[in-house]
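This report looks at how two chains meet and how one of them is built. The sequence and structure come first, then the contacts.

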2 protein chains.
Amino acid sequence: MRIGELSRRTGVSVPTIKYYVREGLLPPGELTSPNQASYGEAHERRLRLIRALLDVGGLKVAEIADVLAAVDDRERPLHTVLGAAADRLGGADAEDDDAEAAAARAAVADFLSRRGWVTYESSPAAADLARALAAMARLGHGAFVEVLDDYADAAEQVARTDLAYVDRQVAVEDMVEGAVIGTVLGEAVLSSLRRMAHVDASARRYGADGPRERKRPPHGHAAHRE
Amino acid sequence: MRIGELSRRTGVSVPTIKYYVREGLLPPGELTSPNQASYGEAHERRLRLIRALLDVGGLKVAEIADVLAAVDDRERPLHTVLGAAADRLGGADAEDDDAEAAAARAAVADFLSRRGWVTYESSPAAADLARALAAMARLGHGAFVEVLDDYADAAEQVARTDLAYVDRQVAVEDMVEGAVIGTVLGEAVLSSLRRMAHVDASARRYGADGPRERKRPPHGHAAHRE
DNA sequence: ATCTGATAGATAGCGACACTATCCGCTATC
DNA sequence: GATAGCGGATAGTGTCGCTATCTATCAGAT
């Protein structure tokens, strides 16, 4: 298959495919002559994975390169690949380091030891949790830590579900990719479900009338006020 | 309080505060003379909320303007404000519309009616769910729909927790803001917890040795390969 | 044999986004 | 009355994910 067909089959433009190759997300096609290369099904599959991680998972191009390098590393234990993927899902890196931040980190450390979770305390996920709790504390919602365990129960349930799902995979190479897909896309699934459950529960509780909120405008990014 | 003190107390630079005012995120200070304005505690609180929605929630500036306009609208029923906030949390808008997308939308519609969730089928959350499921199907993980109900159970549990938490709020104006905070920051909390639970469960199952993954580099966005 | 259209590879540019820098004339305060 | 800070405005910056354009070159139809 040449690049044009790869483009047609995946809906990704030819210049974009070239860009992904340049950025190391996609291996180059096999050169059959100085300016002709052929691409196989692996390329097609990889390209779809890239688009999923990008569009649905919200990962950055450089992060996808990291994750895919981990996926392709045959030496690597499965659970560290999963960690590599999970570590790319959080927010920004820097944040001011005030009293709330320190208290939140302490709360997270306490929570982790209480739960007995096997996790390194300085992992990006733990840092994200601390950042979120610190932000809540700054907004007068320090009491949110009290519901952490309810959240954690739900998180554990989802993690068990995911693991069982990944275990279905027969081949090990499918397991690695499946774990990444489950980690990243599962996040999007859970997030959308939570939002819908939220709206459902809130509508039942506070208002019986249908939604008043306008659907998103046809195309543009929301620039209106409502 | 003048703008300099507001800046010092929140850690947001003066030009950035001015930028937020220009973009309609923050009401302007009350002018005491043609070029002096005074800011109050409400401004400080609002500014912290803006930073939380931006840094932790990952909302865009224009989206935050929408959400805050909804929060400030006294006429608006609480649950529609919550919907407005939830609707800003998803992914992009456009996507190619192939067979997988259609099947995913049908699966979502089926799922919603089965669950009996009060939600409009064309809501951004439902669209996000359909997009995630379509991406999974394209990657050969169409079977993921089979675990949707497990995910939904967890989502419902979280939604119940959130609602109970918001209900603690005594004043109604605090409820509105609390609901937004809970919706947006709760997402970050749940996401980080899921990632940690994931790593924990996977480490217990597949590898007993500690994490091999390097922590994030001190500052830069991940540009390394590992 | 030649013409058309696709291809590899390289470089430069674009649009969205969240700021950031600079300037102006004014003002509070020491 | 000097100096630091202020409100308001405009232009510029850095990052990100592409996109446009260019130069050869090559495959396949005519």
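Across the interface of chain B and chain A, 29 residue pairs are in polar contact, with both partners at pLDDT 80 or more. The model is a predicted one.

**The interface between the chains**

On chain B, seven helices are listed as giving two or more residues to the side that touches chain A: α3 (41-56), α4 (61-72), α5 (78-86), α6 (99-115), α7 (124-138), α8 (148-168) and α9 (172-206). The largest share comes from α9(B), with 28 residues. By class, this side of chain B holds 56 nonpolar, 26 polar and 35 charged residues.

In total, 117 residues of chain B touch 116 residues of chain A. The two chains bury about 11,000 Å² between them. Carbon and sulfur atoms account for 61% of that area.

Charged pairs also cross this interface. The count between chain B and chain A is 8 salt bridges. One side-chain pair that meets in a salt bridge is R205(A) with D167(B), at 2.3 Å from N to O.

**Two domains in chain A**

The domain assignment gives domain 1 (3-56) and domain 2 (99-206). Their centres, taken over C-alpha atoms, are 33 Å apart. Domain 1 of chain A brings 5 residues to the contact, and domain 2 of chain A brings 6 residues.

The area buried between these domains is about 520 Å². Carbon and sulfur atoms give 72% of it. Which residues of domain 1 of chain A lose the most area to domain 2 of chain A? They are L49(A), L53(A) and V56(A), which together make up 69% of what that side buries.

Polar links between the domains are counted too. There is 1 salt bridge across the interface of domain 1 and domain 2 of chain A. R45(A) and E177(A) meet through their side chains in a salt bridge, at 2.6 Å from N to O. By class, the side of domain 1 of chain A that touches domain 2 of chain A has 4 nonpolar, no polar and 1 charged residues.

The two interfaces are set out here.

| Interface | Buried area | Carbon and sulfur share |
|---|---|---|
| Chain B and chain A | about 11,000 Å² | 61% |
| Domain 1 and domain 2 of chain A | about 520 Å² | 72% |

**Elements and hairpins**

Chain A has 9 helices and 2 strands. From the N terminus, its elements run α-α-β-β-α-α-α-α-α-α-α. Its C-alpha atoms fill a box of roughly 65 × 45 × 40 Å along the principal axes.

The strands of chain A pair with each other. β1 (residues 30-33) and β2 (residues 36-38) of chain A are antiparallel, over 3 bridges. E30(A) has S38(A) as its bridge partner in β2(A). Between β1(A) and β2(A) lie 2 residues, and the strands form a hairpin.

Chain B has a hairpin as well, made by β1(B) and β2(B) with 2 residues between them. Here strand β1 (residues 30-33) and strand β2 (residues 36-38) of chain B run antiparallel and are joined by 3 bridges. Opposite E30(B) stands S38(B), in β2(B).

Key
Residues numbered from 1 in each chain as written. Chains lettered and ligands numbered in written order. Predicted model: local features only at pLDDT ≥ 70, side-chain atom pairs only at ≥ 80, totals over all residues. Heavy atoms only, no water. Domains from an automatic or database assignment. Contact = heavy atoms within 4.5 Å. Buried area = accessible area lost by both parts, 1.4 Å probe. Salt bridge = Lys/Arg side-chain N within 4 Å of Asp/Glu carboxyl O. Nonpolar A, V, L, I, M, F, W, Y, C, P; charged D, E, K, R; others polar. Polar contact = N/O pair within 3.5 Å; in protein donor to acceptor, adjacent residues only side chain to side chain. Helix = DSSP H or I, 4+ residues; strand = E, 2+ residues; numbered from the N terminus. Pairing = 2+ DSSP bridges.
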